Every structure is written in C-alpha cells, then in structure tokens.
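I set out to record what I looked up in this structure. The entries follow the order in which I made them.

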Amino acid sequence: MKKIFIFLILLINCHWAHSQQYMTRSGFIGFYGKTPMEDIRAENKQVYAIIDAGHKEMAITLLLKGFIFTKELMQEHFNENYVESDKYPKASFTGTYTINVPPGSDSIYKVTIKGNMTLHNVTRPVEIPATLQMQQGRLIGNAEFKMKPEDYNISIPSIVRDKIAKEMNVVVKLDCNTK
Amino acid sequence: MLLKKVICSLIIIITIGELHAQDSSLLKSLNDSMQTSGGVNYTTGTFKALHIINMQTIEAPGAGVLNFVIQHRFGQINSGAYNLWGLDNATLRLGLDYGISPRLAVGVGRSSYEKTFDGYVKYKLLRQSTGEVNMPISVSLLGSITHFTQHYDDKPYLDATYRTAYTAQLLIARKFNRNISFQLAPTFLHYNIVPTADDKNNEFAISAGGRVKITKRMSINAEYNYLLPNQVNSMDVYNSFSLGWDIETGGHVFQLVFTNSQGMVETQYIGRTMGKWGDGAIYFGFNISRSFNITKNAKNRASW
C-alpha cells in the first residue's frame with residue numbers, strides 16, 4: 001500500500017516537473033517581403049504561444065486580423081483576398097524540439113523545431129531553426145524562416161504577382177513567462 | 001482492497017492524462033485563452049471604393065492616405081451613331097480624398113459638368129463590429145458643398161451664393177457577409193437658388209445601394225436615389241439609377257458604370273437627374289481610383 005502511495009506521489013511530482021510550461025499572450029511575429037514595387041511589412045504583437053520545457057513541445061497561434069501592415073489597404077486585401085481571415089481567422093503551429101533547455105543556465109541553445117504549420121486551411125510539416133534561452137525564469141524563443149504564400153493555397157493574381165515578393169521572411173520573437 | 005482499486009484507477013487516469021498532454025492540448029489551451037480575451041473585431045471592406053457608383057460609401061481613406069479618383073461619363077447612349085452612341089462626349093470629375101484620422105476624411109473635386117467645384121467632410125460615426133462590441137451597422141456622416149462656375153450670359157444675377165448648394169447625408173451600411181453589402185442613406189439637399197418658386201430649396205431623398213461580389217476581386221453594384229415627390233416641379237427630373245461593375249487590382253479600383261445621371265456630385269445626381277432609363281438616356285462611364293500613402297505615419301504604421 002505504502003509503495004503504491006509513494007509511486008503515486010512520485011508520479012504526480014514527475015508530472016508537475018515535466019510539465020513546466022511557459023506562456024505569452026504578447027508574442028511577436030512579423031513578415032517582410034520587398035520588391036522594387038511593393039515593400040510589405042506586417043507585424044502582429046498579440047501572438048499566443050506556449051512552450052512545455054519538460055516535453056520539449058510548443059504551440060503558437062495568432063489571429064490573422066492582428067497583423068498590422070504599413071499600408072492599410074494592403075492589410076484589407078491581405079484579410080479579404082489572400083488569407084480570407086473571415087473564413088480562416090487563425091494561423092497556428094504545433095511542434096517539438098530536440099535539445100533540453102535546463103532552467104539553470106542562461107546560455108542560448110540552438111534548436112530545430114519540427115512540427116505542423118496551419119494557415120488558410122492548409123497544414124504543412126515544417127522544420128524551423130530557432131534559438132531558446134532561459135533568462136530569469138522566462139523562456140525566450142527566436143526564429144527566422146521563409147514562407148511561400150502559394151504553399152498555403154494563397155493565390156496571387158498574375159497582374160500583381162511580380163510586385164509581391166515570392167517568399168516572405170518571417171521573424172518570430174517570443175518571451176514566455178511561467179504559466 | 002477498495003482503496004487499492006481507487007488508487008490504481010487514479011494512476012491510470014493520471015497516466016492517460018500524461019499521454020494525452022500532447023501538442024494538440026497545448027494548442028487547445030492557447031485557443032481557449034484566446035477565446036476568453038476576445039477584443040473587438042471590426043468589419044472591413046464593406047465596399048471596395050469610396051463610391052458605390054455615384055453615391056459615396058461609408059468607407060473613407062485610412063489616416064494619411066490620399067485617394068485620387070477619376071470619374072468619367074460618356075454622352076447619352078441614345079444620342080445615335082453620329083455621336084458613336086455617346087462616346088464622342090464626356091463629362092469628368094477629378095477628385096482627391098484624404099484621411100485625416102482613422103475616422104475623419106475630407107475631399108475636394110472638380111467636375112466639368114457646369115464647371116463645378118465640390119468639397120466634403122465625412123466622419124465615421126459607428127463601425128460594424130463583433131466580439132466585445134457587437135455593432136450591426138456602420139454609420140458615416142457626410143456633409144458636402146458644391147459650387148458651379150459656368151458662365152451663363154442670360155443669368156447675370158448668378159452670384160457666388162446662388163451658385164452654391166449643400167448636401168447632408170447619413171450613410172448607414174451593413175456588410176451581411178463577405179459577398180453582400182447594403183447601404184441606405186437619408187439625404188437632405190439645399191439649393192440656394194431654384195429655377196422657379198414651384199421648386200423647393202430644401203429637398204429630401206432616400207438613397208440605397210449595394211454590392212454583390214462575384215469573385216474575390218470583382219463585384220456587381222447597383223444604387224437608386226429616390227427623390228421625394230413634388231419637390232422639383234418646373235423641370236422633368238428623374239430618380240437616379242445606376243449599375244456598376246467593380247474590378248480591384250492592388251491599389252486600384254476600376255468601376256464600369258451605367259447611369260442616367262450626368263453629374264457626379266450629390267446636388268447634381270440626386271436632385272437634377274435629367275436622363276430617363278426608358279428613353280435610353282443612359283451614360284456609360286467609369287471610375288478609377290488609386291490610393292497613395294503620403295504621410296510618414298501611414299508609411300511606417302507597422303512600427304507603431
């Protein structure tokens with residue numbers, strides 16, 4: 001009986017220790033693409049992210065309407081014509097990374113995050129190089145990668161195709177607190 | 001024995017819980033917390049352009065955005081082959097619209113019809129939204145002034161006051177879904193001079209218009225401006241009815257239109273439409289608009 005109790009306590013502890021979760025509601029994701037015709041800059045500062053340091057898992061989600069563009073008309077077209085945020089309001093990512101980031105040290109760990117990205121009702125497997133860092137009890141994640149609109153079934157009319165960069169450079173900055 | 005069973009099942013439950021704590025549950029918890037935080041979700045793009053056809057929409061250029069519009073009407077279609085069914089003649093309005101703040105816009109224009117200058121102020125009073133604030137409609141207030149400068153040798157008495165007229169419009173619109181938008185506008189017109197004493201200086205009208213999108217970037221528009229009866233008696237005026245086809249490409253909106261109005265400002269097309277659809281007195285034409293971000297703020301909005 002005692003053994004079982006001890007085992008149970010251990011299991012619960014173990015569960016707690018492993019599910020040390022870090023979260024933010026004000027993460028940053030921006031995407032940028034420049035051609036001589038159009039300079040696209042869009043930034044979202046209301047990104048929700050959660051990182052489970054124990055399981056080395058993470059999830060990110062955002063409202064596409066939260067992207068603020070330099071040009072208001074471009075923002076309207078992004079929502080109405082490209083990502084169709086009335087039908088598919090969110091973009092999200094779930095994934096895992098491989099290297100353990102211990103709470104004690106504040107060195108920067110280079111990790112590779114593998115997972116699934118969902119945008120415009122299309123889910124694709126992606127692999128993203130990123131850095132993770134523990135700093136005073138916070139978990140800070142940064143990443144930069146490229147995305148192609150066409151990969152997510154976002155069609156760009158031929159008349160404006162040359163004005164819009166073929167690939168968007170995506171910048172992610174997450175500063176998560178313990179949950 | 002019972003205790004043992006309870007503990008066993010507890011362990012199983014916890015273990016199962018552990019197994020289930022995969023990434024999908026992380027995403028679910030994010031989605032849940034996003035749901036509760038809410039926020040206001042404003043409806044955008046009720047109309048693509050600042051005009052349905054002739055009638056102004058609730059839309060206004062964004063803060064620091066300058067919109068340039070060319071409104072062009074050929075002659076009447078019933079004017080015969082000699083005039084190439086109206087294509088030989090043209091009436092034009094050039095307009096500039098500017099967003100002072102996200103809610104306030106001003107505009108100026110010049111029409112070739114009676115060499116008319118116009119100016120307007122538009123204020124977005126209410127914006128359709130869902131979420132924390134549930135607002136079913138958008139409402140904008142429009143006040144405009146027109147001043148024609150055409151010389152009439154037989155009317156030497158026309159001074160600056162007599163050449164001026166005013167419009168006040170309450171624009172009420174709703175975007176029903178991604179494809180269908182509708183607008184209703186009670187209108188008040190004031191003319192400082194009218195042709196005879198039988199005509200009213202103050203006129204009332206109700207305008208209505210809407211659009212149906214046929215693709216993501218194209219829509220079919222229609223508008224009807226109903227002038228209340230017994231206000232203009234000395235001449236035959238008709239209610240203005242127009243049909244249009246919007247095509248949007250990037251920063252341009254191109255509108256092909258058919259209308260029985262030659263003028264393109266409120267005091268002309270609502271109160272002084274002389275053409276009748278039944279007679280083929282229809283003007284074919286187009287509106288082209290292009291928007292420019294001109295202030296530093298408008299250019300660097302993302303880094304606010």
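I worked on a predicted model, where local features need pLDDT of at least 70, side-chain atom pairs count only at pLDDT 80 or more, and totals for chains, interfaces and linings use all residues. Residues are numbered from 1 along each chain as its sequence is written, chains are lettered from A and ligands numbered from 1 in the order in which they are written, and side-chain values use heavy atoms, with hydrogens and water left out.

**Chain A.** I found 3 helices and 9 strands in chain A (DSSP runs: H or I of at least four residues for helices, E of at least two for strands). From the N terminus their order is α-β-β-β-β-α-β-β-β-β-α-β. I noted 49% of its 179 residues as buried (under 20% relative accessible area, with exposed over 50% and partly exposed in between; 1.4 Å probe, protein chains only).

**Aromatic pairs.** B:F74 and B:F284 are stacked, at 5.9 Å and 10°. B:F74 lies in strand β2 and B:F284 in strand β14 of chain B, so this pair joins parts 210 residues apart in sequence. B:F74 is buried at 18%, whereas B:F284 is partly exposed at 25%. With B:F258, B:F284 forms a tilted pair, at 5.0 Å and 40°. I also recorded a cluster of ring pairs linking B:F74, B:F254, B:F258, B:F284 and B:F286.

Conventions
Phe/Tyr/Trp six-rings, centres within 6.5 Å; stacked < 30°, edge-to-face > 60°.
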